[in-house]
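Please inspect the sequence and structure first.

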Amino acid sequence: MNPTTDIQKRSIPFLALGGVWEQEDTAAATKVITAATGPSGNFFPLPEEADFQKALATHEGATHAVVVNSCGTALDLCMMALDIKAGDEVIVPGLTFVCTAGTAAARGAKVVFADIDPATLCLSPAAVAAKITPRTRAIIPVHFAGLACDLDGFARLNRPVIYDAAHAVGAKYKGRSIGSAGAASCYSFQSNKNMTCLGEGGAITTNDAGLAEKVRGLKTFGYVYGPQLRVTEIGFNYRMTKPQCATGLTQLAKIDRVIAQRLVRFQQMHQALEGVDEILRPAGIGPGHGCHLYVARLDTDKVRFTRAEFLKHLKEVWQVATANHYPAVWSWEAFAKVSYDNSDTPVTHKAVEQVMSLPLFPSTTEDEVVYIAHAIKETIAALRK
Ligand SMILES: Cc1ncc(COP(=O)(O)O)c(C=O)c1O
């Protein structure tokens, strides 16, 4: 193909559905809704909740899974289970969704940002080690874009680690599932993730029976079931609904296929951008990557235009939409009211000016990959002039 003459302009949106939704998923939801609304039916989530938890724990290599209504609430429950409170410090990356850090701030803890690794964009264990103090009560690394972070490095720090695995269902670290690492891992099944439970959902996986028990209670008002129902802690209602659990099962059953489909396009994009000096390609694209986001970076050291100019041209001339994962957490207005430390984070400061998520989804065709890569190269050429 002659890239300059044969490429037809088209529109490439950034989709809000990250996975694959099929007739069987709709059928699973419809079946439980029909049964629940029939004579003597109800919406109590058993047995679907227990079945989904069992399947998820197995898939993620953990002994326990507790499903909840979002990753944000999963992180909140873990903060509560660790009794995070004012006076404590929680170490997080600055390149993440706001709630990774917000969950610590919500408990009154000081948010301590440590730097990320320049290649993987995941939180760096060495940078975290430099920020540990006697007040450090937890670390929340993110498996950024679906790439498992340095689990061995964090294990050596000997502090409670809660992994933000919002992007990383199905990801592997050194060939192993990630769900048993640290104290717990928190997953998201919100619409744009690689699998969804009717638009929202989350889960906690852990090998710690005590932590599983605590979060299980806290997600339902602090209930402790037994001969007599007790409420021993103040909890909330963070439960997932029955139809959501039913679709969690069908979505989970295909997650490895979805990741494999995504991986093919990620690898094609990787190849298509090879040799484009102005673009830094993401690390770790290959088997084991959760393939949630393809986060490229504009190498701002090599170009004389800004990321904003680049993205504007890409959108206006080539109709290629991108997304920003993420602005620095501390740049959100809410953080003006939060106690935090973002010293010594030069890699994060630079990355947040460079990142751009390319529109790759399970439905993306090979032609579209070629088109996006072509549009990127042409945009660089046009702005270089
Ligand atoms: C890294 C990260 N953590 C947490 C969340 C929150 O997930 P949820 O929307 O399920 O609460 C997200 C959502 O996009 C995320 O990207």
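**Pockets and ligand**

α3 (48-60), α4, α8 (209-218) and β10 (223-224) each contribute at least two residues to the lining of the largest pocket; helices (H or I, at least four residues) and strands (E, at least two) are DSSP runs, numbered from the N terminus. The model is predicted: local features need pLDDT of at least 70 and side-chain atom pairs count only at pLDDT 80 or more, while totals for chains, interfaces and linings use all residues. Residues are numbered from 1 along each chain as its sequence is written, and side-chain values use heavy atoms, with hydrogens and water left out.

A pocket is defined on a 1 Å grid over the protein atoms alone, as an open set of points where a 1.4 Å probe fits, with protein on both sides within 12 Å along at least five of seven lines; lining residues have an atom within 4 Å of a point. With five residues, α8 gives the most to the lining of the largest pocket. Of the 24 lining residues, R216, G217, T220, Y223 and Y225 lie nearest the centre of this pocket.

The ligand takes up the space of the second largest pocket, in that more than half of its atoms lie within 2 Å of the grid points. α5 supplies the largest share of this pocket's lining, three residues.

Around the ligand are 16 residues, each with a heavy atom within 4 Å of it. Polar contacts are pairs of N or O atoms within 3.5 Å. A ligand oxygen is 2.9 Å from a polar backbone atom of G72, and a ligand nitrogen lies 2.7 Å from a polar side-chain atom of D164.

How values were computed
Polar contact = N/O pair within 3.5 Å; in protein donor to acceptor, adjacent residues only side chain to side chain.
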